[in-house]
Amino acid sequence: MSKKPFYITTPIYYPSGNPHIGHCYTTVACDSIARFKRMQGYDVMFLTGTDEHGLKIEQKAVEKGVTPKEFVDVIVDRFKSLWKYMNVDYDRFIRTTDDYHVEAVQKIFKTLYDKGYIYKGEYSGKYCTPCESFWTDSQLDENGCCPECHRPVAMAKEEAYFFKMSPFAERIEKLLTETDFLRPKTRATELVNNFIKPGLEDLCVSRTTFKWGIPVTFDEGHVVYVWIDALSNYITAMGYMNGAYDDMNKFWPADVHMVAKDIMRFHAIIWPAILMALELPLPKHLAVHGWITFNGEKMSKSLGNVVDPFVLGERYGCDAIRYHILREMALGADSSFSNEILINRINSDLANGFGNLVSRTVAMADKYFGGILPSDRESAEIDEDFKAVVLNAFAETEKAMEETKIKQALEAIFKAVDRANKYIDETEPWKLGKDDSKKGRLASVLYNLLDAIRIISALLSPFMPSTMPKVWEQIGASDDDITYDKLSKFGVLPENVKVCKGEILFPRIDVEKEIEALNDIIKKNMETAQSNLSAEEKGEAKPDEDSGQEIELAPEICIDDFAKVEIRAAKVISAEKVKKSDKLLCLQLDDGMGGRQVVSGIAQYYAPEDLVGKTIQLIANLKPVKLRGVESFGMICAADTADGVKVIFLDDSIPAGAKIR
């Protein structure tokens, strides 16, 4: 009987810089799901890879004095090394420079053209090079900059091919709102309101201003733009329109695409439209997760907060790192990474929780029975309650994994860990061991604990695959004891099970010393990152080699010009998101002059509650404007950084209305 297929994918990563802990979540999460499905008996296809074309890669290669392919080859090897180090067991790795992918993308582009979904036109609009995105004037932020990274955009005008999006709007809206395609479902509202309801604009799908891309076969000078190139990897890697593989019939449609929230729109709107045009089935589920943030900020090499996973793995082991990032991230939400959270999680869950459970159970079996449990046992009513909790953890884990809720799966498993440790406290094996007449009861308690550890460790193995084989060796479990069909029952271990004391699985960490050591590492990273960044990555103008200037300033002004700008201190009274916009916040300010309303494009960087009560700088005499239909009477001052917009806050002792000069 053939196994049922299961196909899961990460997005393909853009290799413009070294991978860091922020890259790990999606790939480790997909690896854990793939391992769980293999354990269940599925024939799994787990795909990951790299998206290697585009203007940014071309520019970085020029800076390094190498070809674009030479540039990406080095970084792709680093990604592969990281996945190997993190014990990621992917089945296929695709690079968009692979010959078979190039062949297939050219055929896909021509097919869409022949079907009338791609047409030739001219693009004239604002272009952001770092984001490789075109924007209309209405989409720019309040400063006329890119709405994604808030860096300056430039006018671009070029001949281009466009993909018609509007024919698919109604079907995509129903896909998002009436099916289980998008997880979590709450993301559907923002996609529909922000992109579909205003009207889907046709998509620019070719470029002529750079060469590093897949050539359009029927029009020299055009290269296929990222949308069709990168997104098509999910089917080209299965052999669609190429002869490298023959897995489309078996694995497509994909069971799960997992992506971070910043590329949700591409996978929830553009990719389904392309598939509809090709008359192919749509993926069953799109699972969208948040970002790993560091002390409240998104991971960024420009801030030096990227945290090298190789360094963390060397200190704590890759399984501890895998567990931490998976345990902290709820589907759809961000998770915070900090030294304290990491170390406390390792100490509480892994060292004091699971590791301690294994070590003291095995130690007691060795101490009281020489490592081999006798078959004469005496059960008690409390045993059944304990077993029920462990078996319920199996059922909850299975359900959570079916819904791609990894955090909830791990929470369910650790309920069983906590119950097992409590079971030890309730049964007090150390007291039973002092009374020969109670050896049968002691044997039963220890057997129940060992069998519970068998179930718990098998459930944990997809998430921490390096450590669990060590557990099975210690508790005397064979490969046959940990098959999936035996995880829903007790009494699987041999009656005379033999334990083998081993090393401590997760040594307890000295919190203060480790935090100090990790902070030193972060500090060094910040110093080296800032010194190594290019001007573009810092959000600055490129250095002028003739003048030596690092930042290109606007034309000089005199004091009279500056005096025309009225900057006042103001306190934020309330804040809320502007309807039908994921970029704008509407702020009510105490400006010392009766109050006013200001709309600001900072919703991506600040939650409304983060601003309430803060004192900000207000441009008070700016001409009023309407943004998304909401009136704005001024502008708050903020700084453009390589990692986005940072509001400039003032000391709270400065009163509202105070003039800033």
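## Helix 12

Helix 12 spans residues 318–328, and eleven of its eleven residues are buried, so the helix is largely enclosed by the rest of the structure. Its buried residues are Cys318, Asp319, Ala320, Ile321, Arg322, Tyr323, His324, Ile325, Leu326, Arg327 and Glu328. Buried means under 20% relative accessible area, exposed means over 50%, and partly exposed is in between (1.4 Å probe, protein chains only). Helices (H or I, at least four residues) and strands (E, at least two) are DSSP runs, numbered from the N terminus.

This is a predicted model: local features need pLDDT of at least 70, side-chain atom pairs count only at pLDDT 80 or more, and totals for chains, interfaces and linings use all residues. Residues are numbered from 1 along each chain as its sequence is written, and side-chain values use heavy atoms, with hydrogens and water left out.

## Salt bridges

Side chains of opposite charge can pair when their charged atoms come close. A salt bridge here is a side-chain nitrogen of Lys or Arg within 4 Å of a carboxyl oxygen of Asp or Glu. The count by this rule is 44 salt bridges. One of them joins glutamate 328 and arginine 345, at 2.8 Å from N to O. Glutamate 328 lies in helix 12 and arginine 345 in helix 13 (residues 339–369), so the pair ties together parts that are 17 residues apart in sequence. Both glutamate 328 and arginine 345 are buried.

Helix 15 holds another pair. Lysine 407 and glutamate 411 form a salt bridge at 3.5 Å, N to O. Both lie in helix 15, four residues apart, about one turn of the helix. Lysine 407 is buried at 17% relative accessible area. Glutamate 411 is partly exposed at 28%. Glutamate 426 also forms a salt bridge, with arginine 419, and their closest N and O atoms are 3.1 Å apart. Glutamate 426 is partly exposed at 35% relative accessibility, whereas arginine 419 is buried at 11%. Shared partners join Arg327, Glu328, Arg345, Asp349, Lys407 and Glu411 into one salt-bridge network.

## Threonine 404

Where does threonine 404 lie? Threonine 404 is in the loop between helix 14 (381–402) and helix 15 (406–427). Threonine 404 has a relative accessible area of 3%, so it counts as buried. Its contacts (heavy atoms within 4.5 Å) are Ile33, Arg183, Val256, Ala287 and Leu331, not counting residues up to four places away in sequence.

## Cysteines

A disulfide is a covalent bond between the sulfur atoms of two cysteines. The test used is a pair of cysteine sulfur atoms within 2.5 Å. How many disulfides does a search of the whole structure find? It finds zero.

Two cysteines show why. The closest cysteine sulfur to that of cysteine 30 is in cysteine 24, 13 Å away, too far for a bond. For cysteine 586, the closest is in cysteine 637, at 18 Å, again too far for a bond. Cysteine 30 is buried at 0% relative accessibility, and cysteine 586 is buried at 7%.

## Helix 13 against helix 17

Helix 13 and helix 17 (residues 439–460) pack at about 145°, and their axes are 10 Å apart. Axes are lines fitted to C-alpha atoms, for helices over the stretch in contact, and angles run from 0 to 180 degrees between N-to-C directions. Residues of helix 13 in this contact include Phe354, Leu357, Val358 and Tyr368. On the helix 17 side they include Leu442, Leu446, Leu449 and Ile453.

An open sheet of six strands has the order 3-2-1-12-13-7, with parallel pairing. Its edge strands are strand 3 (92–95) and strand 7 (182–183), and each pairs on one side only. Two strands pair if DSSP finds at least two bridges between them. Strand 7 pairs with strand 13 (residues 286–289) in the parallel sense over two bridges. Leucine 182 stands opposite leucine 286 of strand 13. Helix 3 (residues 68–85) lies across strand 2 (43–50) and strand 3, at about 160° to strand 3.

Antiparallel pairing occurs too. Strand 4 (residues 118–128) and strand 6 (residues 154–163) pair in this sense over ten bridges. Lysine 126 stands opposite methionine 155 in strand 6. Strand 6 is also joined to strand 8 (residues 203–204) by two bridges, and the two run antiparallel. Phenylalanine 162 has cysteine 204 in strand 8 as its bridge partner.
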